[in-house]
Amino acid sequence: MSRLVPTLPGLTAGGLGRFRVYIGLMLLWLLARESPVAVPFELHRSYSPLSDNVPIHWLAASAAAWRGVQVAGMLAALCFTVGWWTRTAYVALVAALLLTRLAWLHSSGQHDWVCPLAILVSLLIVPWGDGFSVDQWRHPTVDPEARDPRYGFALFAPVFVMGLAFAAAAYAKLTIGGLAWVTTGAVRYHFVDDAETAATTWGLWIAAHPSVAVLVSAGAVALEATWIATAWLRSARLRLLAAAGALSLFLGFYAFQGALWVPWMMWLAACLPWDGWRSLPSTPLRRAPAVMAGAAIAIQVVASLTAIEIEPLMSPYQMYSGTYASTQEFETRRRRKLQRVEMKTEIGTIDVHGGAADSLADAIDGGPLNDDAREALDSACAAAAAATVDVRVARAKIDWSGTHVTRTWTRTDRSFACR
């Protein structure tokens with residue numbers, strides 16, 4: 001491995017063109033697979049201050065406008081892929097992706113796009129049309145074997161920015177959870193928490209074996225803390241090995257928690273040998289690439305030190321950074337995740353959440369009703385014009401003692417008289 005000095009991997013114009021085709025096709029596919037759904041103004045839920053403005057509110061509320069931006073982005077992705085008006089097409093593509101992410105923020109979080117969009121913005125300085133493009137076919141100006149530091153930046157930025165995100169995630173775990181994140185095997189709790197959406201039951205096996213959970217926790221933090229060094233690897237084989245390590249982390253998210261972050265995973269292709277299997281030469285990190293790299297560092301440091309998240313461009317990556325001292329503490333603190341409360345009336349079933357749900361669950365066992373619970377009951381009584389409301393509480397009982405952690409649901413019913 002090269003020394004950790006400010007250098008970029010060397011890349012030819014031809015290699016840049018091949019990488020561009022891959023990136024363009026991936027972004028075209030990601031845009032095409034989305035199905036925008038207009039969200040009425042009164043239901044807008046801004047997950048980010050960047051989305052809380054009139055143009056984005058209007059875009060999120062208009063299916064036609066949203067679809068128009070999406071189609072424009074797909075056309076830009078197609079032009080970018082073939083290399084026609086390449087720089088302009090790339091700017092339009094990034095703008096379309098940003099606008100549609102901001103529109104989505106009125107109905108759901110876009111955490112899986114924070115790092116990918118940061119990468120896309122940093123790559124605005126790359127002369128994408130210099131290799132293997134219609135632009136060069138029409139007006140040849142660059143030799144396919146020519147090299148430019150900005151070409152290498154196309155491989156450096158994805159690895160570097162993702163490495164910063166990984167390092168920030170490790171920093172969050174070790175500052176919020178401390179070493180206890182490793183010594184308690186914190187992954188076991190997160191795997192149980194997300195078991196219902198996980199693609200496999202492997203996480204529940206790990207959760208039932210504390211020593212294995214400790215090893216997995218330690219391995220995850222170690223990989224996150226050190227992966228940024230991949231940006232300075234020049235051996236094609238070592239870069240592939242590093243990509244495989246990061247891919248195992250992403251596949252673990254899917255297998256154990258059901259999170260498939262394709263917008264992140266696609267950038268691991270920056271570790272592939274786009275110029276063949278020879279080791280990449282190094283070029284100095286200067287001028288525009290240095291400014292972009294410095295900006296990425298500054299933004300991540302601010303986000304991590306202040307714990308500020310501004311989706312879809314900035315995050316301290318603190319999700320899954322907490323841990324629990326014991327299984328009992330986990331079950332106590334995650335009570336709301338382990339219970340489901342609903343009120344049944346003649347006109348339908350109403351799900352209850354928050355403090356009202358807690359109070360109704362306690363009242364099932366003879367406890368008093370708080371104001372929130374009483375208000376929820378009164379609303380159900382008024383809506384159904386009924387004398388009683390049936391409340392059902394489903395509670396999850398977790399068994400940590402088997403070969404797999406299991407969750408068994410029990411139901412309790414009680415009728416409450418209307419006032």
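## Phe132 and its contacts

In this predicted model, Phe132 makes contact with Gly17, Arg18, Arg20 and Val21, once neighbours within four places in sequence are set aside. Phe132 belongs to the loop that runs between helix H5 (114-122) and helix H6 (134-138). Its relative accessibility is 60%, so Phe132 counts as exposed, the cut-off for that class being over 50%.

A further pairing across the sequence involves Gly14. Phe132 and Gly14 are 118 residues apart along the chain, yet their C-alpha atoms are separated by 5.8 Å.

## The chain as a whole

The protein chain comprises 419 residues, of which 49% count as buried. Its secondary structure consists of 17 helices and 6 strands. Taken along the principal axes, the box filled by the C-alpha atoms is roughly 80 × 55 × 35 Å. When contacts between residues at least 6 apart in sequence are considered, 76% of them join residues at least 24 apart.

As to charge, the chain carries 34 positive and 31 negative side chains. The centres of these two sets lie 9 Å apart.

## Helix H3

Helix H3 spans residues 63-82 and has 20 residues. From its first C-alpha to its last it reaches 29 Å, which is close to the 28 Å expected at 1.5 Å a residue. Just after H3, Gly83 adopts a positive phi of about 80°.

The buried residues of H3 are Ala65, Trp66, Val69, Gln70, Gly73, Ala76, Ala77, Phe80 and Thr81. Viewed down the axis of H3, these buried residues fall within an arc of 150°, so they line one face of the helix. On the face of H3 turned away from the buried side are the exposed residues Ala64 and Leu75.

## Helix H2

In H2, the residues Ile56, His57, Leu59 and Ala60 are buried. Seen down the axis of H2, they fall within an arc of 165°, so the buried residues line one face of this helix. The packing partners of these buried residues are H3 and H4.

The other side of H2 presents Val54, Pro55 and Trp58, which are exposed.

## The loop between H14 and H15

The peptide bond that joins Glu311 and Pro312 is cis, with omega of about 5°. Ala307, in the loop between H14 and H15, has a positive phi of about 55° although it is not a glycine. Tyr320 lies in the loop between H14 and H15 and has a phi near 65°, a positive value in a residue other than glycine. With a relative accessibility of 42%, Ala307 counts as partly exposed; Tyr320 is likewise partly exposed, with a relative accessible area of 38%.

Ser321, also found in the loop between H14 and H15, is buried, because its relative accessible area is 1%, and the cut-off for burial is under 20%. Not counting residues up to four places away in sequence, Ser321 touches Ala172, Lys173, Ile176, Gly177 and Trp181. The C-alpha atoms of Ser321 and Val187 are separated by 9.5 Å, although the two residues are 134 residues apart along the chain.

## Asp378 in helix H17

Asp378 is part of helix H17, which covers residues 371-384. At 25% relative accessibility, this residue counts as partly exposed. Between Asp378 and Arg419 there are 41 residues of sequence separation, with a C-alpha to C-alpha distance of 7.3 Å.

How values were computed. Residues are numbered from 1 along each chain as its sequence is written. This is a predicted model: local features need pLDDT of at least 70, side-chain atom pairs count only at pLDDT 80 or more; totals for chains, interfaces and linings use all residues. Side-chain values use heavy atoms; hydrogens and water are left out. Helices (H or I, at least four residues) and strands (E, at least two) are DSSP runs, numbered from the N terminus. The expected span of a helix is 1.5 Å times one less than its number of residues. Buried means under 20% relative accessible area, exposed over 50%, partly exposed in between (1.4 Å probe, protein chains only). The arc is that of the directions from the helix axis to the C-beta atoms. Contact means heavy atoms within 4.5 Å. Lys and Arg count as positive and Asp and Glu as negative; His and the chain ends are not counted. The place of a charge is taken as NZ of Lys, CZ of Arg, CG of Asp or CD of Glu.
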